[in-house]
Amino acid sequence: MNEIPIIDLKKQYESIQDELDEALKRVFSKGIYILGDQVDALEKEFAKYCNASHAVGVASGTDALTLSLLSCDVKAGDEVIAPSHTAVATIAAIEMTGAKPVLVDIDIERYTLDPNQVEKAITEKTRAIIPVHLYGCSADLTSILQVARQKNIFVIEDCAQAHGAKFQGQRAGTGGDMAAFSFYPTKNLGAFGDGGMVITNNSSLAEKCKRLRQYGWKNRYISEVKGMNSRLDELHAAMLRVKLKYLDAWNQLRRDLANLYIELLQNTEIILPMQPNDCEHVFHQFVIRHPKRDALKDFLYQKGIHTLIHYPVPVHLQPAYKNLGYAKGSLPNTEKVADEVLSLPMYPELTEEQVKFVCECIVGF
Ligand SMILES: Cc1ncc(COP(=O)(O)O)c(C=O)c1O
């Protein structure tokens with residue numbers, strides 16, 4: 001068997017090359033590259049796909065989070081609750097606003113925010129909560145939304161890994177006040193460079209976000225508020241519009257491959273990902289756990305199977321975030337998971353034979 005990469009973006013491009021090339025040509029022949037009709041159309045199509053009222057195209061997932069927080073007036077002196085078991089970007093976005101990240105532990109089976117820990121962490125200063133729908137599985141939002149409503153706290157969903165996922169039948173990103181998506185190339189819906197999107201059902205938050213992404217302009221050259229430059233490019237928007245049409249089919253292929261992995265690894269000592277009843281998982285990553293994770297990773301690498309660790313060091317133990325003051329041992333589920341998780345190859349173009357080979361090797365280990 002040839003090497004099995006963790007993801008193969010070339011294969012995806014080749015599968016829809018003609019459509020993508022046509023989309024690019026249309027942008028080039030029009031000659032408009034920033035905030036034109038492609039971004040406008042993608043915003044409408046993505047909002048419709050998510051069943052949200054508004055979508056705002058921005059330059060990255062990190063910016064989508066930062067702009068959402070700023071739209072909710074999160075600022076220095078405020079606290080924002082988030083998991084430590086996430087991409088560092090989630091926490092970087094909080095720090096960009098000047099607010100203090102308050103990191104809490106995860107549910108050990110779902111790998112997302114533990115609602116009980118969230119409730120315990122709320123103080124007078126809590127302004128927002130960021131549930132991260134990690135690996136493509138929605139966080140359990142029911143009680144988080146309930147307590148947030150009671151206490152006037154914003155809920156901003158980090159959907160960077162959850163395009164098309166559902167929680168209780170609704171698309172991820174529509175339960176809270178705002179949601180942030182990343183179009184980083186490896187995401188379930190990925191651009192050919194950086195990109196992101198904010199969605200919301202609140203028209204005044206959407207309006208604020210639109211101003212903030214472009215120098216605080218309401219009308220050209222007149223800054224009503226202090227903003228930044230975080231725009232989505234027309235070229236990316238044009239290609240994302242092509243890819244959006246395939247998202248559901250690609251997510252279904254991911255689920256089928258995940259179910260095959262689960263079937264073939266059923267009677268091993270591997271801890272398999274759960275698919276909670278209230279969630280339609282989109283398997284951005286297929287993540288297993290094993291107490292000898294590093295040895296398993298090396299073993300698979302020797303067989304030509306590439307894997308990754310999402311994430312080896314939780315944010316609260318990262319050198320850059322020492323200032324937050326968390327000691328080792330303070331978030332036990334998060335730390336255990338960081339020592340044991342391993343992401344196996346997962347992308348819609350992965351074949352059943354490749355999955356079978358990966359599983360045979362794991363069983364051999
Ligand atoms: C959970 C999560 N949040 C935020 C981000 C940030 O997205 P971007 O890389 O587009 O800034 C990522 C991307 O890696 C992510 O996985």
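Which residue in S7 stands opposite Lys166? I will come back to that in a moment, after a word on what we are looking at. This is a predicted model, in which local features need pLDDT of at least 70 and side-chain atom pairs count only at pLDDT 80 or more, while totals for chains, interfaces and linings use all residues. Residues are numbered from 1 along each chain as its sequence is written, and side-chain values use heavy atoms, with hydrogens and water left out.

Now to the opening question: the residue opposite Lys166 is Arg171 in S7. Strand S6, residues 166-167, pairs with S7 in the antiparallel sense over 2 bridges, and here two strands count as paired if DSSP finds at least two bridges between them. These strands belong to an open sheet of 3 strands, ordered S7-S6-S12, with antiparallel pairing. Strand S7 (170-171) and strand S12 (279-280) stand at its edges with a single partner strand each, so one side of each is left without a neighbour in the sheet.

Let me step back to the whole chain. It holds 13 helices and 14 strands, where helices (H or I, at least four residues) and strands (E, at least two) are DSSP runs numbered from the N terminus. The radius of gyration is 20 Å, close to the 21 Å that the globule rule gives for 365 residues, so the chain is as compact as a globular protein of that length; the radius is taken over C-alpha atoms, and the rule is 2.2 Å times the number of residues to the power 0.38. Along the principal axes, the C-alpha atoms fill a box of roughly 65 × 55 × 35 Å. Of the 365 residues, 55% are buried, a word that means under 20% relative accessible area, with exposed meaning over 50% and partly exposed in between (1.4 Å probe, protein chains only). Among the contacts with a separation of 6 or more, 71% come from residues 24 or more positions apart, contact being heavy atoms within 4.5 Å.

The domain assignment, which is automatic or from a database, gives domain 1 as 9-104 + 111-244 and domain 2 as 247-364. Their centres, taken over C-alpha atoms, are separated by 24 Å, and the contact takes 38 residues from domain 1 and 31 residues from domain 2.

Strand S2 (residues 79-83) and strand S4 (residues 126-129), by contrast, pair in the parallel sense over 3 bridges, and Val80 stands opposite Ala128 in S4.

In helix H13 (residues 352-364) we find Gln354, which is buried with a relative accessible area of 11%. Leaving aside neighbours within four places in sequence, Gln354 is in contact with Met1, Ile4, Tyr347 and Glu349.

Finally, some backbone details in the loops. A cis peptide bond, with omega about 10°, joins His310 and Tyr311, and Tyr311 is placed in the loop between H11 and H12. Asn51, in the loop between helix H3 (37-50) and S1, has a positive phi near 60° without being a glycine, and counts as exposed at 58% relative accessibility. Asp73, in the loop between H4 and S2, also has a positive phi of about 60° although it is not a glycine, but Asp73 is partly exposed, with a relative accessible area of 39%.
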